[in-house]
Amino acid sequence: MHLSEQLASRYRRHIMIPEIGTSGQKKIIDSAVLIEGASVESVTPLLFYLVASGIGTIFLNLDNKNNLANITENLLDLNPEIEILTDERNTNNISIKVIVGDKTFVQKALNKNKCLRSNVYTPTLILLQGSWCGIIQIIRVHKELDFAFELTQKYLPDPSSYLEKSFCDAGKTISSCFIGALGSIETIKSCLNIGSFLHIPLFFDLLNMRFVNEADYKPFYSDKVVENSAHIKDISGARVLVVGTGGLGSPAAYALTSLGINTIGIVDSDTVELSNLNRQILHSTSRIGIPKVKSAETFLNILNPSINIITFNTRLTSINAQNIIADFEMVISAVDNLQTRYILNDACYYAKKPLAEAGVFMFDGLNFTILPDKGPCYRCLFPQISPSGEMSSFSEAGILGPVPGVMGTIQASETFKVLSGVGKTLEHNLLLYDALEAEFRMANLNKNPNCQLCGNKF
Ligand SMILES: [Zn+2]
C-alpha cells in the first residue's frame, strides 16, 4: 500500500490514527459518495469535510444548483485531488449515498429510494436538518427505509411556532454545520467499515444540549426554553474572538460567519501547511505558506461579505492576552496546546468574558463553556500542567478531520446561546464525543472550591 509523498503529507493526521493508517486513507481516496440534497447551501459544510478528508469521488444530485460553480472552485482549491461530478449516469459503484435536507426533502428522497427495489443495497445515510436539532441514521438494509420514513413524519420538533424567526434561522445554520461534520464522520466510518453505525437514529438538540441514541425518543423542547424565547437578546452588534484558526477555529469561524455575527476577531501566528488541509477548511492548497489569519480572512469574506474580520497575526501570550480580548464579548478557545488554554482561561476570568472550550484527539472530542463567576473554570478541571510537560501539545496527534468540525461548531453554537441568553449551555456539563462509537455523553461539572484561580479565597 503506497501513497505519494504529497498525499502522505496531506493526510498525515489521518494516517497517524491506528484504525486508519495508509491503507485506510487509500480506501477513503478510492471511495465514491453520492449526495442528494435540496440546495448547494444545505450540503456545503458536508462537502467541505468530505473533500478535506479525501473522499475521492463525489456525485452531487441537487434540486437547486445555484452557486455550485463558486463552491466547487473553493472545494477544489481545498483539495485538488477530488473529483466532483453532477452527472448521475456513472453512479454504479458508489460506496454510500447521503440524503441531506429538511423534513420535506428527506421524505421525498426516501419515497424515491423506496421505489429502487434491488438485491444489492447501497448504504444510505440520512441527515435530517431541523432548527437547532436533527436526526442522523444509516440504513444498510432496504427494508429499514420504511422505519426511517416513519421517523421523519413523527419526531422532528418545529420550534418556529414559539421562537423568533431569526433565532430559528440561526438554528438551521448551526444544524447544517453540525450535521455536515457529523455526517462526514459517519460517511468515512461506513467507507472504512470501522466503529459503530447509527442503525438506531441519533437525535441531537443543540439548543437544549440533548443527544439521544434511543428508539423511544420523545420531542424535547422544554417549557423553559419556550419561556426564555421571549427574552432573546439583540446580538446584531456581537463581537466574538476566535483564538486559533486550525481544526477547531475553522468550523467555529465558519459557523459564526454563516450566522452573520457582526465582528469576528481571529488570532493565529502560523502559516498554512499541506498537513493542515485534512481538517482546516478555512485554508486551501493555493494559500499554503501564507499566514493563517490572512487565509482565513480571505475565505470568511467570500462566505459572508457583510461581516467584519479583525486579524491578529500573533501568538496569544500572557503579555498580550488582556489587550486582545478586551474588545470582544465572548472568546472561543480553538488552540492546540495546554499553555495557551491556561492563558486564555485566566485572561477571560479576570476580564469576565465567557469562554467556549474544546479539545480533540483522534476520534474523541470534548466541549465545555466557562461563564466567569457562574460555573467552573479550566483550572477547576485541570489544576495544572503536569510537571514533566507531558501532553503539553496535541499539535502532532492523529485527528480524524471532521471531529474538530463537530466540536468547533458546538463552540459557535454555545457562543450564540450565551450571547442571546437562550437555551442550555455547557457551563455545568462536560460534553464528551466518541466519533468511533457515535456517542455523545454528558458529565456534571462543579466548581473546585480549592481552585487557585476562582476558588474560595481566604
Ligand atoms: Zn476555577
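Two strands pair if DSSP finds at least two bridges between them. Helices (H or I, at least four residues) and strands (E, at least two) are DSSP runs, numbered from the N terminus. The model is predicted: local features need pLDDT of at least 70, side-chain atom pairs count only at pLDDT 80 or more, and totals for chains, interfaces and linings use all residues. Residues are numbered from 1 along each chain as its sequence is written, and side-chain values use heavy atoms, with hydrogens and water left out.

**Exercise 1.** Find the bridge partner of Val33 in strand 4.

Solution. Start with the two strands. Strand 1 covers residues 32–39, and strand 4 covers residues 96–101. They pair in the parallel sense, over five bridges. Val33 has Ile96 as its bridge partner.

**Exercise 2.** Give the strand order of the open sheet, then its edge strands.

Solution. The order is 3-2-1-4-5-6-7-8, eight strands with mixed pairing. Strand 3 (83–85) and strand 8 (210–212) are the edge strands, and each pairs on one side only. From one strand to the next, the twist averages 15°.

**Exercise 3.** State how helix 8 runs relative to strand 5.

Solution. Axes are lines fitted to C-alpha atoms, for helices over the stretch in contact (heavy atoms within 4.5 Å). Angles run from 0 to 180 degrees between N-to-C directions. Helix 8 (residues 165–192) runs at about 170° to strand 5 (124–129). Helix 8 lies across several strands, including strand 6 (133–139) and strand 7 (202–205).

**Exercise 4.** How many helices and strands does the protein have?

Solution. The protein has 15 helices and 16 strands.
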